[in-house]
Every structure is written in structure tokens, then in C-alpha cells.
Amino acid sequence: MAESSWLTEFPQLDRADLRDIRKSLDAGYREFSREYGEFIESFFDPLLTFLVWFEKLLLATPWWLVIAVIAGLAYLASRSWKLGLGVVISFMLIGYFGMWDNTMRTMSIILVCTLMAIALGVPIGIAMARSDRAQAFVTPVLDVMQTMPAFVYLIPVVMLLGIGKIPGVIAVIIYAIPPVIRLTNLGIRLVDKDVMEAATAYGASPFQRLTGVQLPLAMPTIMAGINQTIMMSLSMVVIASMIGVKGLGQPVLKSITNQYFTLGLLNGLAIVALAIIFDRVSQAYAKRAQEHMKGLENG
Amino acid sequence: MADVLIEIESLYKLFGNNPAKYMPLVHEGKSKDEILAETGHTLGLKDINLQIKRGEIFVIMGLSGSGKSTLIRHFNRLIDPTEGVIKVEGTDVMQFGAKELQEFRRHKMSMVFQRFGLLPHKNVVDNVSYGLQIQGVDRAEAKAKAVEWLDTVGLAGYEDQYPSQLSGGQQQRVGLARALCTDAEILLMDEAFSALDPLIRSEMQDQLIKLQETLHKTIVFITHDLDEALRLGDRIAILKDGEVVQQGEPEDILLNPATEYVEAFVRDVNRARALTVETVMKDPAYRITAETIEEALKQMKGFKQDYGYVVNDEGFQGVVTEEALKEAYADDKAADLTVDVMESCDPLEPGAVLESVIPCTLESEYPLPVVDEDGNLTGRLSRGTLSDVLGERSA
């Protein structure tokens, strides 16, 4: 009879065994977070201090100055007065509908997350491009990061660090960093072999090749990755608000639970406005920086 | 001029995962195809031995797949050989560590590439000074030098353009200027002109020849075009399936092809343009050293021809025919052999290409004398010789 049972039913693990495994894993991780939680938290302290300082800075600065600075940066990056005007109008509207403070909070966390993602992602991408072994190791990790539902990795992060800004930042970075890593890797690998060979033939050191040839030539691709990273971290704002990250995500969360359609829509639109501004500015900048590469192929 | 600068000894390159394991097969003398079928390894280069002298243009010629681009990349170790010795100025390049190799590439050799290999994100002047920037030369100094070289290759005024804004020929001029800018003694040119259209190509060849007259670099030039090889090369090595099938001076290859393969190549060459008078002329026989008409006639009888070249202490004087001598003999047999008796004829220069001497050689009834700069008779060129050389079969 035992034989027919595995033919008709999947030979699955005993319920008791499964429970034991779960228990021991959970207990083990709980133990680990009790043991090292504080140490790890203190490790992130400087980041937290910076985050808090940056958020306060944005909130304390007069609104017109913030708008002027952002519009100015947008203009400098894109050399398009239309984009600058768009920035001014969007922020005016955001402020008018009472979402100024939340927008500043969201912007501060997005900026910090993006900077962290670039600071971590570009070197990882470079390492991947230089070694096939690193690529073989990192690629599946990136696959997991991109497909694992965000809620799942929020659990251990929250267990370890509790609720607040730092776990939020970590969750956003995990979610948003893969594009910049992948596209840095891709960009460097796609650099014209002939140009690299020429650099080598003239005696360029590996570092000179990286900074003088590979990174500049891979820059359009890397910029596309950074652009994606910004977009993805913005889309993570709502989920991050579930673990206590303040900003535009919280009102959205509140609207979901209380069915406030208009509140949700307005805050959602504010996120979209931020996304579009970041996207257009970063793309315009990338395009302008690569102007002379146009028509390279038919040269 | 004659000292050897680059020496390559029994160089082998086997491409594949484990070349060392299969090298014995190569030494057994198995062919490229056999090795590929048995081991999946490609034999890139087989037993290459070359000696390149200081100040010469050494052309390595072969069709695609002959291993010529692989070979040139061994000179600066963009590709490492499986076996063999590469010596530059007597130093074994294979012994270099990473740092030494870097220094070696910076100062000893520079390279021009078939597809230019310019940095698309840098403007022309920064491209030209790239080698100097890598060396850490002061920016202003590097730039000044780059501007100078740009001027030399005829691209003054293009400093701030980007490579994508230039034509192919201009881009390769930038490539050439970049290579010259480091003052490296050795210039590696990998099919440098092959990507250019014919007119620009011959223009660039002229420029290279002109530059070489003043620079005296040691140039290793790769090409698949025999005409180009003959035009530029002081010596040529012909590569087939990774082996050198013949090496020697251009005339040598043209007139004495070592194998059928070389012969097939050589058949299509415009010999009239590739060969010079001195390479095909016959020895200077039929000298007439007599001072009087009578003696001259006697001398001419001796070599059974109806013409002769009059030569004295001051060198070549002119040509006399039997007919003219006999006429003069009837007049006054003891008279001096003077210019009056001689035919008016312009002697040929030894360095002239055959094409330029075809008309006068064909019109002349006797072989034309070849006379060097010092006025010495060095040879003679007949219609027969010319038609033999330019005809289907080599002389």
C-alpha cells in the first residue's frame, strides 16, 4: 500500500518535520537578530544620521528656495527651459495640494537610495564585467532580488532592524539596485574591442583603461541603469511606507485601508510627477553628455 | 641600418583551451586541418622566424586567415605565443612582467589599427596625445606635440573635432598621428590602409613613404594587398596558413616566387609599376674603351654585336652603332672616337620604374644603357628583356 501512496500523492515532507524546520530556522534567525541586531543597527547609524539631516534640511529650507534649486539643477542638466518650467509648475501644484512635506521626505530618501545604489552598484557591475566568475555568481543573486516579492525580504529586514528609515532604505536598495548593476556590466562588456585593444597597445594600465575608456564609453548604458534605479526606488515608496518610511507612500497606504480615492490619487500623482522629473532630467543629462557619440557607426 | 631590431624565433601559436597539451602534435608536423579535426585547436602561427632590421619597412602579407593580424599582435604581446622567442633590441619581450610590458608598450612600440581604434569620446587632439597622457606627460606639453603631429599628417585645424565627424581617411590620419606622437621607434601597422578607398589609400601610402624618409622608423606593416606590399616594403614576408612561405626583397618575390601560392599572387601584380630598371637589367657588356674609330670597330667585332657602349675614365659617354663607325672609318680611320659619331640617346636611371621606360626602350633599336648617378654604366635593358619580364611568364 505504501507504494501506491507515493504514486498517487506527492511524497511530501512530514508536517511535523516541516514545522520543526520552520521553527528552528525562525528561532535561529531570531537568535541572530537579538545577538547582532544592535551591532548591525549601529553600523548603519551614520547613514541614519545623514538621512535625518538631509530630510530636515529639505524641510527647513524655504519652499521657494527648494523649487529654485531643483529647477536650476534641472535646467543645468538638460539646458531646456521647458523642463525647468515643468519642475516649477509641478512643485507649485504639489505644494498647493498640501503634499509639500511628504514630497520632501520622499525626495530625500529617494536621493539617498539612488546615491547608495550607484555607489554600490557601479563597482559591483565593474567587477562583474571584469570576471566571468563574478558575473556567474552575481547574476542569480540579482534574479532573486528582482523577482522575490518585496514583502518577503521586508520580514527579515524588519526583524533585524525594526521599523523605520534604515530598513526602508535597505528594502528600496535591494529592490532598485539590480538595473544599475546589470547595465554597468553590460555597458562595459559592450565597449568596442578595437578601442580597448588600442588603449592596451599604447600601454594603458587596467585602471587607465577603466576610467579613460570603459566607463566613459559605457556611460550611456550606465545612465540608463541609473534612470531605471531611480524609477524603481520611487515605485517602492508605497511598500516602504508599510515599515514606517514617511513620505508620499503613507497617505497612499492610508487611502487603501480607508478607501480615500482622491487622497490616494493626489499622492500617487505626486509620485508620478517626481518620477517624470527625475527621469527626464537624468535622460537629458545623459544625452547631452554623449552628444558627440552620435553617428559614430557610420563614421 | 643593418642591425636587427626585432627578432622572432620559432614562434608558435595554438588557439584553444589547452594549447600546451597539443603542441607535440604541431611539432610532429601535422597540418592545421588535422589538428583542428583531432583536438579542436586552431593552429594560428607555425614556426615563424623573422628578423626585422632597424629603419626598414617590413611588410607581412597574407590573405585573411593567414595569421598576419595574429602575428603582429605578438610584437607588443597583445597576444601571447604558445611557444617561441620575441626579442626587441636583444631583450626577450616574453620575460616582461605586467609593469615592464606596460612601459615597453608606452615607449618602444606604437600601433595603427585597421579600424582606427580611436577613442570616440575624446576629440582629435586628445586622441593624438593619448599615448602621452597615458605616460603621464604634462597636459599642455602633450597637446602642443599632438598639434604638431596633426599638422604633419595634414589635419591642422581639426583639433576640436570628434572622430565621428571625420571621414575614414582623416580618422586614419589621426591614428597615424597618434602612433607617431609617442616617438616610439617601432610602428606596427595592422592593415592600416585596408579600410580606406583606393584613392585615399594610395594617398596615405605616399604620405607614409614621405614621412619615413625623414623619420626612419622601423615599421611592421600588415596587408593583404600585394601591390601595397611591393610599394611600401623594403622586405616582405608572405604568410599562408600561419606559415611564412617566402620572405625577401620585393623584386625577389616578384621574380622568383618560391611556391605556387606566391606565384598565383604575383601573377596579378602590375610588374611595370612594381619593378625598377636595375632589378631586371642585364650586365653591362659591350663596352667600348677605344679612343679611335679603328680600335672601336675592332672591339665591336670582338663581341659580335652591331652596337656598343662607349666608356672611358669619366664614365659612360654614349652609344655607337656599327653603321656609324663604318661611315666614320671610311672618312678617317685614325680619327678620335668622339661624341659626333655616337647616337643621341638618353640613358636610363637604375631606379626608374619599368612603366616609365617602356616607350623609349621599345623605340630604340639597341638595348638602352643604364647609367647611375655617378655616370657609370651599370647595365643595359633590351626590348626582349622588357617583354620577358612584363609578359605572362617571369624571366
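I take two strands as paired if DSSP finds at least two bridges between them. The model I am reading is predicted.

I began with Y307(B) and asked which residue stands opposite it in β13(B). I found T321(B) there. I then counted the bridges between the two strands. Six of them join β12 (residues 307-312) of chain B to β13(B), and the two strands run antiparallel.

Next I noted what packs on the sheet. Helix α16 (residues 322-331) of chain B does, and it touches β12 and β13 of chain B. I read an angle of about 80° between the direction of α16 and that of β13(B).

I then wrote down the strand order. The sheet is open, has three strands in the order β11-β12-β13 (chain B), and shows mixed pairing. I looked at the edges too. β11 (287-288) and β13 (315-321) of chain B each have a single partner strand, so one side of each is left without a neighbour in the sheet.

**Entry: around β9**

I asked whether β9 (residues 235-240) of chain B is mostly covered or open. It is mostly covered, with five of its six residues buried.

I looked up its partners. β3 (residues 57-61) of chain B pairs with β9(B) in the parallel sense, over four bridges. Strand β10 (residues 243-248) of chain B pairs with β9(B) in the antiparallel sense, over five bridges.

Two residues lie between β9(B) and β10(B), and D241(B) takes a positive phi near 50°.

**Entry: domains and record**

I noted the division of chain B: domain 1 is 4-108 + 184-269, and domain 2 is 278-390. I put their C-alpha centres 44 Å apart.

I also consulted UniProt. Its unreviewed entry lists residues 6-266 of chain B for "domain: ABC transporter". I found that span to be 43% helix and 24% strand. Its end C-alpha atoms lie 27 Å apart.

**Entry: the whole chain**

I counted 18 helices and 15 strands in chain B. Why do I call the chain more spread out than a compact globule? Its radius of gyration is 27 Å, well over the 21 Å that the globule rule gives for 395 residues. I read the spans of the C-alpha trace along its principal axes as about 85 × 55 × 35 Å.

Buried residues make up 42% of the 395 in chain B.

Conventions:
Residues numbered from 1 in each chain as written. Chains lettered and ligands numbered in written order. Predicted model: local features only at pLDDT ≥ 70, side-chain atom pairs only at ≥ 80, totals over all residues. Contact = placed C-beta atoms within 7 Å. Axes fitted to C-alpha atoms, helices over the stretch in contact; angles between N-to-C directions. Domains from an automatic or database assignment. UniProt positions renumbered as here; feature names shortened; annotations may be inferred. Rg over C-alpha atoms; globule rule 2.2 N^0.38 Å. Buried ≥ 20, exposed ≤ 12 C-beta atoms within 10 Å, placed from the backbone.
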